[in-house]
Amino acid sequence: DILNEYPEMATRVLLPAQSAELEPLFMIDEVPMRGAERIYLVDPLGNLMMYYPADADPRGMIKDLKRLLKYSRIG
């Protein structure tokens, strides 16, 4: 289980109404969010920045996040 493997990872469980509101925004390649088994990277303003398959290599995600922060001039 990914939550046991990475206990400090921030996650959110959505209420059904929240999920219904967000689902259209997270549809990628005509595949809806529900059941897609993806990891989403969302910025503090709610913008979808990146997504990964559930079994993605965390080192690759960290590398992408560092690059994103570098070019955003935040990090």
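**Close-up views of a predicted model**

**View 1. L3, Y6 and M9 form a nonpolar surface patch of about 240 Å².** Patch members have over 30% relative accessible area and no salt bridge, with like charges joined within 9 Å and nonpolar side chains (Val, Leu, Ile, Met, Phe, Trp, Tyr) within 5 Å. A salt bridge puts a side-chain nitrogen of Lys or Arg within 4 Å of a carboxyl oxygen of Asp or Glu. Areas are Shrake-Rupley values with a 1.4 Å probe; for residues, only the protein chains shown count as cover. L3 sits in helix α1 (residues 2-5). Its relative accessibility is 41%, hence partly exposed (buried is under 20%, exposed over 50%, partly exposed in between; 1.4 Å probe, protein chains only).

The model is predicted: local features need pLDDT of at least 70, side-chain atom pairs pLDDT 80 or more, while totals for chains, interfaces and linings use all residues. Numbering starts from 1 along each chain as its sequence is written, and side-chain values use heavy atoms, without hydrogens or water.

**View 2. Strands β1 (residues 38-42) and β2 (residues 48-53) run antiparallel, joined by five bridges.** Pairing requires at least two DSSP bridges between strands. Helices (H or I, at least four residues) and strands (E, at least two) are DSSP runs, numbered from the N terminus. V42 lies opposite L48 of β2. Five residues separate the strands in this hairpin, where G46 adopts a positive phi near 90°.

**View 3. D29 has a positive phi of about 55°, yet is not a glycine.** Most residues other than glycine have a negative phi. D29 lies in the loop between α2 (16-22) and β1. Its relative accessible area is 67%, so D29 is exposed.
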